[in-house]
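Open the model in your viewer and keep the selection tool at hand. We will go from the whole chain down to single side chains.

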Amino acid sequence: MNDQEIKYLKAKERVAALRRFYGHLSVYVIVNLGLFIINMMTSPETLWFIWPLMGWGIAIVLHALRVFVGTPGSSWEEKKIAELMEKE
């Protein structure tokens with residue numbers, strides 16, 4: 001594989017990760033909006049919708065960190081891959 005192919009594959013992988021994140025975020029917003037509406041219609045004195053909002057929100061934040069900041073050790077992995085490719 002040449003450099004262009006490697007760059008293309010990395011870009012394709014990045015776009016797929018972004019698409020998965022935005023899909024996850026969309027489902028989070030839609031479901032939690034639905035839970036909010038159900039909560040307000042059935043028992044507005046008890047705000048139970050906050051619990052799934054916060055719990056799932058933690059997962060969204062972790063997913064966002066993974067997509068936008070990167071996974072810990074990813075630079076190490078890339079260096080190791082380059083090193084092993086050089087040896088061959």
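**Before you start.** This is a predicted model, in which local features need pLDDT of at least 70, side-chain atom pairs count only at pLDDT 80 or more, and totals for chains, interfaces and linings use all residues. Residues are numbered from 1 along each chain as its sequence is written, and side-chain values use heavy atoms, with hydrogens and water left out.

**Stop 1: the whole chain.** Show the cartoon. There are three helices and zero strands (DSSP runs: helices are H or I, at least four residues; strands are E, at least two; both are numbered from the N terminus). The C-alpha atoms fill a box of roughly 65 × 20 × 15 Å along the principal axes. The radius of gyration is 20 Å, while a compact globule of 88 residues would have one near 12 Å (taken over C-alpha atoms; the globule rule is 2.2 Å times the number of residues to the power 0.38).

**Stop 2: confidence.** Colour by pLDDT, the predictor's confidence in each residue, from 0 to 100. The average is 88, and 92% of the residues score at least 70.

**Stop 3: helix 1.** Select residues 3-42. Now select N2. A side-chain oxygen of N2 reaches to within 3.1 Å of the backbone nitrogen of Q4, at the start of helix 1.

**Stop 4: the buried side.** Select A16, A17, F21, Y28, N32 and N39, the buried residues of helix 1 (buried is under 20% relative accessible area, exposed over 50%, partly exposed in between, with a 1.4 Å probe and protein chains only). Which helix do they pack against? They pack against helix 2 (50-69).

**Stop 5: the rings.** The whole structure holds five aromatic pairs (Phe, Tyr and Trp rings, the last by its six-membered ring, with centres within 6.5 Å; planes under 30 degrees apart are stacked, over 60 edge-to-face, the rest tilted). Select Y28 and W56. They form an edge-to-face pair, 5.4 Å centre to centre with 85° between the planes. Y28 lies in helix 1 and W56 in helix 2, so the pair ties together parts 28 residues apart in sequence. Y28 counts as buried at 14% relative accessibility; W56 is partly exposed at 25%. Finish on F21, Y22 and F68, which form one aromatic cluster.

Key:
Contact = heavy atoms within 4.5 Å. Polar contact = N/O pair within 3.5 Å; in protein donor to acceptor, adjacent residues only side chain to side chain.
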